[in-house]
Amino acid sequence: MSTPRFLTLPPGVTAQRLETPVGSFAMLEARPLTDVVERWPALLVPGYTGSKEDFIAILQTLAQAGRRVFAIDLRGQFESPGPDDPAAYTCAALGADVDVITSLVGDGEPVHLLGHSFGGLVTRETVLDGTAKLASYTLMSSGPGGIVGPRERAGRTMLAELPTLGVERMWSERLEPEALRAGVPDDIIDFLRRRLFANSLTGLLAMGRAVLDAPDRLDELCQTGLATLVLYGERDDGWPPAMQAEMADRLDCDCVVVPGAVHSPAVEAPETTAAALTRFWNAAESAILHR
């Protein structure tokens with residue numbers, strides 16, 4: 001799971017709640033400190049067991065380029081409620097939620113859409129649906145299909161154990177010891193615990209299955225013609241860097257490898273990540289406006 005390094009909201013960033021026809025969603029909104037909005041907005045979607053806080057370190061920098069930037073909790077994640085219905089947590093269902101949210105935060109303007117990890121599989125459904133008004137699409141530390149390697153093995157073990165062990169034992173026997181060994185500060189450990197326990201258990205199981213078993217839909221994504229960026233850490237331990245590089249080749253799109261980052265570039269290398277996103281978003285806007 002992504003582990004934010006701080007939780008204090010930077011200047012210009014506020015916690016909001018977005019009421020939509022498909023539910024209530026917690027989000028963070030970042031605005032330029034000048035309050036002068038000159039560019040199209042962006043929507044950031046977190047990964048499995050993640051939340052909007054995974055983007056705290058890049059929100060202010062992104063907004064200073066002159067745009068509103070929104071980060072959300074998907075339904076069933078942390079502060080966004082979700083039902084006890086597994087069908088509500090498929091990539092398609094969550095992608096439909098993102099479609100609705102995109103139209104609301106865009107308010108008539110095209111939106112730059114970004115999905116991190118599992119959020120990439122979710123937002124891919126939004127893109128393929130074709131109804132959202134999008135300016136660009138970024139896959140951050142995501143992949144062409146279900147996750148592979150060590151994270152796949154850990155995920156399948158967790159899904160097998162979670163129904164019997166429960167969230168409490170998973171936290172106390174696995175996740176908390178891992179955080180302590182990594183030297184995570186006490187206030188962040190407390191946040192990680194609160195976030196995990198706030199998740200819908202049904203959602204954890206269903207989204208877990210989705211991130212493991214998602215099909216490869218890159219061929220369909222290629223047909224959209226949407227400006228796309230593949231961005232990942234040079235030491236990503238989710239989808240292997242070579243697989244993500246191949247994905248960029250298949251999509252014939254821009255590719256940014258973030259030095260020093262692992263699976264959460266927005267946490268591990270925020271300035272480099274924010275600079276790369278701003279360059280890409282500005283170029284995508286310019287290309288659309290000058291057609």
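Two strands count as paired if DSSP finds at least two bridges between them. In this structure, which is a predicted model, strands S3 and S4 run parallel and are joined by 3 bridges, and within that pairing alanine 42 has valine 69 in S4 as its bridge partner.

**The sheet**

These two strands belong to an open sheet of 8 strands, whose order is S1-S2-S4-S3-S5-S6-S7-S8 and whose pairing is mixed. Strands S1 and S8 form the edges, since each of them pairs on one side only. Between neighbouring strands of the sheet the average turn is 25°, with direction ignored.

In a regular strand the side chains alternate between the two faces of the sheet. Strand S3 is covered on both faces: Ala42 and Leu44 are buried on one side, while Leu43 and Val45 are buried on the other. Further along the order of the sheet, S6 and S7 also run parallel and are joined by 4 bridges, and here threonine 138 stands opposite leucine 229 in S7. Helix H3, made of residues 118-129, lies across strand S3 (42-45), strand S5 (111-116) and S6, and runs at about 140° to S5.

**Helix H8**

Which residues of helix H8 are buried? In this helix, which covers residues 241-251, they are Gln244, Met247, Ala248 and Leu251. Seen down the axis of H8, these buried residues fall within an arc of 100°, so they line one face of the helix. The face turned away from that buried side carries Ala242 and Asp249, which are exposed. The cover over the buried residues of H8 includes strand S6 (134-140), helix H7 (218-222), strand S7 (228-233) and strand S8 (254-258). After H8 comes aspartate 252, which has a positive phi, near 55°.

**Two aromatic pairs**

A pair of aromatic rings is described by the distance of the centres and the angle of the planes. A search of the whole structure finds 2 such pairs, and the table sets out their geometry.

| Aromatic pair | Centre to centre | Angle between planes | Arrangement |
|---|---|---|---|
| Tyrosine 48 and phenylalanine 118 | 6.4 Å | 80° | edge-to-face |
| Phenylalanine 78 and phenylalanine 191 | 5.5 Å | 90° | edge-to-face |

**Serine 2**

Apart from its neighbours within four places in sequence, serine 2 is in contact with Asp54, His116, Leu192, Arg195 and Ser264. With serine 264, the side chain of serine 2 makes a polar contact of 2.7 Å to the side chain of that residue.

Terms used: Residues are numbered from 1 along each chain as its sequence is written. This is a predicted model: local features need pLDDT of at least 70, side-chain atom pairs count only at pLDDT 80 or more; totals for chains, interfaces and linings use all residues. Side-chain values use heavy atoms; hydrogens and water are left out. Buried means under 20% relative accessible area, exposed over 50%, partly exposed in between (1.4 Å probe, protein chains only). The arc is that of the directions from the helix axis to the C-beta atoms. Contact means heavy atoms within 4.5 Å. A polar contact is a pair of N or O atoms within 3.5 Å; within protein, one must be able to donate a hydrogen and the other to accept it, and residues adjacent in sequence count only if both atoms are side-chain atoms. Axes are lines fitted to C-alpha atoms, for helices over the stretch in contact, and angles run from 0 to 180 degrees between N-to-C directions. Rings of Phe, Tyr and Trp (its six-membered ring) pair if their centres lie within 6.5 Å; planes under 30 degrees apart count as stacked, over 60 as edge-to-face and the rest as tilted.
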